[in-house]
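Please look over the sequence and the model before reading on.

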Amino acid sequence: MGDPVTATTEAPATPTAGPKTEAVPAISLSGVTKTFHSGRETITAVGHLDLDIEAGEFFSLLGPSGCGKTTTMRMIAGFEEPTTGVVRLDGDDVTDVAPNHRDVNMVFQSYALFPHLSVAENVAFGLKRKKVKAAEIKRRIDEMLELVELGGHGKRKPSQLSGGQRQRVALARALVNQPRALLLDEPLAALDLKLRQAMQIELKRIQRDIGITFVYVTHDQGEALTMSDRIAVMNGGYVEQLGTPAEIYEHPATRFVAGFIGTSNLLTGTAANPTSDGAEVRLDCGQHVLIGQRLTEGERADLTVRPEKITISTDAPDAGLSRVRGTVTDTVYLGSSTHYTVRLDDGTEIVVYQQNARDLSATDVTTGRGSEVWLSWRPSHSYLLSDSPQGGPHRA
Amino acid sequence: MRRKLTPYLLALPGWAWLALFFIVPIAGMVSLSLTSGNIITGFHQTFNIGNYTEALNLYSEQLFRSLFYGLSATLIAIAIGYPAAYWIAFKAGKHKSTYLLLLLLPFFVSFVLRTISWKFTLSDQGIVLGTLKNIGLLPTDFAVLNTAPAVVLGLAYNFLPFMVLPIYAVLERMDHRVVEAAHDLYASRLQAFLRVVLPISLPGVFAGGLMTFIPTTADYVNATVLGGPETTMIGSIIQTQYLVNNDYPIAAAITFVLMAVLLIGIFSYARALGTERVMEVQAK
Ligand SMILES: Nc1ncnc2c1ncn2[C@@H]1O[C@H](COP(=O)(O)OP(=O)(O)OP(=O)(O)O)[C@@H](O)[C@H]1O
Ligand SMILES: [Mg+2]
């Protein structure tokens with residue numbers, strides 16, 4: 001990603017280098033679980049987490065509602081105590097340290113601004129508790145309000161601000177303390193699409209400029225893909241996959257990730273004719289596809305291929321490609337691209353995104369609804385999926 | 001045009017109500033407070049300011065006592081009511097309504113009956129003092145009844161819900177995440193309370209204070225039932241002048257003196273707390 005880093009003493013680890021760098025992780029969770037008891041019921045909010053978040057990284061927790069993202073974040077901030085496991089900040093065990101003694105700050109989903117204080121007083125709150133000198137506080141507030149583009153609004157009350165402005169006050173209130181890490185719990189969820197997109201760029205810019213570790217909770221996959229250095233995809237209290245946006249999008253590890261991130265086609269079959277660098281997979285519809293991963297003869301295989309990796313054609317494709325025949329059941333013309341739905345013999349539907357490099361306005365009978373077509377993709381573009389989360393024990 | 005008139009039309013019943021049951025009686029009382037005469041010969045309008053000077057001269061002691069008792073009762077009600085409201089709003093979890101109901105339950109009983117039951121509870125040989133005296137923890141001549149503390153405690157007890165409910169309402173409505181935000185921004189529990197919870201709940205304390213201070217200052221039941229000759233409050237004087245002595249002009253004059261004093265008190269109180277800030281948070 002090559003972030004232009006400024007104004008920090010510690011150089012952020014190169015995110016793409018993965019977690020195996022020498023530096024101590026800014027945030028580290030090992031063996032963390034969290035269960036809640038309500039009445040006789042026991043709720044497992046976080047099943048088993050091992051996470052290392054590097055300094056200066058933009059790290060996202062992505063997953064559906066109720067998967068334990070907020071709980072994870074609250075354990076890092078200190079509002080929840082893990083049932084088991086250890087939380088470390090810069091290598092120090094902080095599992096039993098109260099939130100007010102942890103050098104991380106949180107941006108709440110609801111912002112939680114202090115309604116009785118002005119914008120400037122809100123931003124000054126943390127600095128005052130840390131007994132920073134008044135002149136220094138004033139300087140830093142001005143600087144911070146400038147950074148979030150709220151220069152002239154210091155005297156206003158939160159109730160006199162728009163949603164986006166409140167969001168930026170919440171951000172400024174946390175950032176001004178120069179914490180080791182900033183925790184953001186779906187900070188943009190309450191904003192409309194346009195403002196959200198603007199704020200995404202803004203947040204990313206701020207994170208680059210000041211080089212603080214961001215832990216970002218979201219259930220919006222687009223947001224996570226565009227902003228993050230690395231993403232942990234969570235489901236049911238476990239991390240399903242951890243990786244860069246490209247890794248997660250291109251090589252989804254589990255069924256869940258393939259389904260949750262973007263659109264993907266799911267094919268099931270049985271392995272046949274394994275070789276040293278791949279195998280055939282005999283699909284349930286009777287056709288064969290190729291895969292570049294090792295399999296043993298007769299093994300059940302779920303594989304996925306992204307819609308944009310598939311080529312649609314009327315002529316038979318090269319034998320070195322994975323290829324299947326099917327019938328076009330639906331086409332959606334979107335200008336720059338066309339989305340096709342193709343049905344195989346056994347009813348499996350495959351979605352194909354095709355760039356409209358040709359002019360389709362004249363005649364497109366060849367790939368119109370009802371036509372028989374070939375679909376093909378490179379064997380390396382399909383991936384085997386596993387069922388269970390990598391990190392923890394199997395869970396339905 | 002019709003649009004513009006609509007709000008006024010809608011407010012009409014309210015205005016009519018106020019005019020009929022507030023402005024008219026007040027005007028009547030003002031006029032009554034300036035008359036001379038007695039119940040047998042009748043009262044004649046003489047614009048007799050003397051009623052006011054007489055009221056102030058004769059009863060300023062009871063007036064100041066009432067203000068003092070009212071203020072003390074209000075402070076005690078805050079001291080008891082705030083923690084109670086805080087506890088119910090923040091710690092009672094899903095049993096909030098149960099605790100609120102428990103708190104309000106005694107107040108389903110008539111005000112006078114409740115006060116009388118206090119009289120039994122606090123009587124010299126009653127269940128509390130009698131027991132303590134029997135086991136020798138208190139001297140035999142110890143008494144609570146007929147003393148200022150008895151009256152003040154009675155007042156504080158009787159008006160407690162008026163303190164608890166407004167405070168509870170603000171605490172309940174407040175976004176509890178702001179407390180976490182305060183902790184997140186390095187505030188200790190005490191600092192989070194003093195810098196965040198307390199200021200946000202001030203409108204509730206303000207409302208509760210008014211709703212307790214005004215009726216306790218004007219009350220006469222507690223002083224009559226729980227107090228003695230030394231603890232007479234201004235409410236008792238008004239009641240006696242009206243119903244026993246039938247000296248309506250004096251009674252009306254005392255009433256207005258009390259009202260004026262309360263209004264002055266309230267305005268200085270509002271200024272001290274900063275109404276503007278209080279109202280602003282409330283409007284949010
Ligand atoms: N205080 C609590 N008491 C009981 N159960 C809880 C508590 N907090 C969270 N849970 C449960 O733990 C699970 C995870 O909750 P969490 O808030 O972490 O989800 P989330 O991933 O943040 O979801 P969302 O995207 O909806 O915010 C949920 O099933 C939730 O009901
Ligand atoms: Mg959440």
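## A buried isoleucine in chain B

The model described here is predicted. In it, I250(B) has a relative accessible area of 4%; because buried residues are those under 20%, I250(B) counts as buried. This residue belongs to helix α12 of chain B, which covers residues 248-273.

Leaving aside residues up to four places away in sequence, I250(B) is in contact with N51(B), E54(B), Y59(B) and Q241(B).

Ligand 1 has 13 residues around it, of which S65(A), G66(A), K69(A), T70(A) and T71(A) come nearest. By class, this shell consists of six polar, five nonpolar and two charged residues.

Oxygen atoms of ligand 1 take part in several polar contacts. One pairing, at 2.5 Å, involves an N or O atom in the side chain of T70(A). Polar backbone atoms also take part: that of G66(A) is 2.7 Å from a ligand oxygen, and that of G68(A) is 3.0 Å from one.

## Cover and contributing elements

On its own, ligand 1 exposes 640 Å², and the protein buries 64% of this area. Two or more residues of the shell come from each of β2 (41-53) and α1 (69-77) in chain A. The largest share, three residues, is supplied by α1(A).

Terms used: Residues numbered from 1 in each chain as written. Chains lettered and ligands numbered in written order. Predicted model: local features only at pLDDT ≥ 70, side-chain atom pairs only at ≥ 80, totals over all residues. Heavy atoms only, no water. Helix = DSSP H or I, 4+ residues; strand = E, 2+ residues; numbered from the N terminus. Buried < 20%, exposed > 50% of the residue type's maximum accessible area, 1.4 Å probe, protein only. Contact = heavy atoms within 4.5 Å. Near = heavy atom within 4 Å. Polar contact = N/O pair within 3.5 Å; in protein donor to acceptor, adjacent residues only side chain to side chain. Areas by Shrake-Rupley, 256 points an atom, 1.4 Å probe, with all protein chains shown as cover. Nonpolar A, V, L, I, M, F, W, Y, C, P; charged D, E, K, R; others polar.
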